[in-house]
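Try each task before reading its solution.

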Amino acid sequence: MMSAVPPQKNSRRASGSLAMPQLVDEEAEAFVAEALTELVRSKIPFLVAGTFAVSAYTGISRPTKDLDIFCKAGDYTRILKHFKSRGYAVEIEDDRWLGKVFKGRFFFDVIFASPNGTMLVNDGWFAHALPVKISGCPVSIAAPTELVWSKSFIQLRERYDGADVAHVILKAHDRIDWARLLEYMEVHWEVLLIHLLNFRWIYPSERNNVPQWLLDELLSRLSAQRDLPLPQTKICRGRMYSRPDYEIDVREWGFADVGGDVEMREGIEEQTP
């Protein structure tokens with residue numbers, strides 16, 4: 001069971017019991033409790049995100065075997081080292097964003113960034129986190145603002161988190177700091193606009209869950225963009241969603257990878273004096 005820590009004066013904390021995912025079996029429940037206890041004992045700052053946070057804010061209790069632990073980049077190796085010293089198996093799956101801690105068939109992810117590099121866990125995540133208890137352990141879960149940000153780019157063929165984003169907006173819109181979310185997604189404001197339009201389409205009667213000023217701002221940017229010439233550099237930002245799904249774009253269709261070699265549109269060089 002997940003429960004909120006009793007609210008204090010001027011606190012953002014929620015009161016009452018919060019929903020929790022359905023762990024696959026009792027052994028999984030024991031592993032989560034043990035892992036969280038050990039994380040608290042380590043005194044290394046961490047947050048619980050992923051399915052646990054979605055459940056807390058939306059009330060959706062779906063089956064899961066995942067435990068996503070978020071931390072700052074400087075702490076992810078400390079967490080791995082701490083668990084390795086206590087007999088757990090550890091793995092650095094991708095040094096840009098992801099490590100794993102194993103015990104038998106169970107594991108949890110240690111995440112400090114997004115795979116495409118757009119999202120870094122920083123002090124702000126901890127400043128706005130929600131203190132709760134999971135399996136009796138006092139921990140904190142990522143705030144709805146950061147939770148939406150963390151899921152906005154997860155759009156792969158085998159996994160799409162758009163439904164999580166829509167559900168969080170539906171159930172926790174009044175706890176989202178929309179100005180902070182826009183700041184996070186400033187460079188990729190179109191991705192935010194896509195999610196907001198998707199929400200409006202899914203829940204037409206709940207359109208007012210998204211502040212009008214934000215929609216006006218994003219649509220104003222879109223309007224200004226339409227009056228400008230097309231970009232000269234051929235890039236495929238779909239690679240920020242899924243590298244394999246957009247592999248053909250960079251291998252055969254002449255688009256540059258995000259952050260890779262620059263290619264110009266055909267005819268640009270000829271037009272340049």
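The exercises below, on a predicted model, cover a helix pair and some salt bridges.

**Exercise 1.** Work out how helices α5 and α6 are oriented relative to each other, and which residues make their contact.

*Solution.* Start with the geometry: α5 (residues 144–151) and α6 (residues 162–172) pack at about 165 degrees, and their axes lie 9 Å apart. Angles over 145 degrees count as roughly antiparallel, so α5 is roughly antiparallel to α6. The crossing of the two helices is left-handed. Next, list the contact: α5 contributes P144, L147, V148 and K151, while α6 contributes D164, V165, V168 and A172. Sorting these residues gives 6 nonpolar, no polar and 2 charged.

**Exercise 2.** Find which parts of the chain are tied together by the salt bridges R221–E186 and R239–D257.

*Solution.* Take R221 and E186, whose side chains meet at 3.1 Å, N to O. R221 sits in helix α9 (residues 212–226) and E186 in the loop between α7 and α8, so the pair links parts 35 residues apart in sequence. E186 is partly exposed, at 38%.

Now turn to R239 and D257, with their closest N and O atoms 2.9 Å apart. R239 lies in the loop between α9 and α10 and D257 in the loop between α10 and α11, so parts 18 residues apart in sequence are joined. Both R239 and D257 are buried.

Note on methods. Residues numbered from 1 in each chain as written. Predicted model: local features only at pLDDT ≥ 70, side-chain atom pairs only at ≥ 80, totals over all residues. Heavy atoms only, no water. Axes fitted to C-alpha atoms, helices over the stretch in contact; angles between N-to-C directions. Helix = DSSP H or I, 4+ residues; strand = E, 2+ residues; numbered from the N terminus. Parallel < 35°, antiparallel > 145°, perpendicular 65-115°, else oblique. Left-handed = near helix turned anticlockwise from the far one by under 90°. Contact = heavy atoms within 4.5 Å. Nonpolar A, V, L, I, M, F, W, Y, C, P; charged D, E, K, R; others polar. Salt bridge = Lys/Arg side-chain N within 4 Å of Asp/Glu carboxyl O. Buried < 20%, exposed > 50% of the residue type's maximum accessible area, 1.4 Å probe, protein only.
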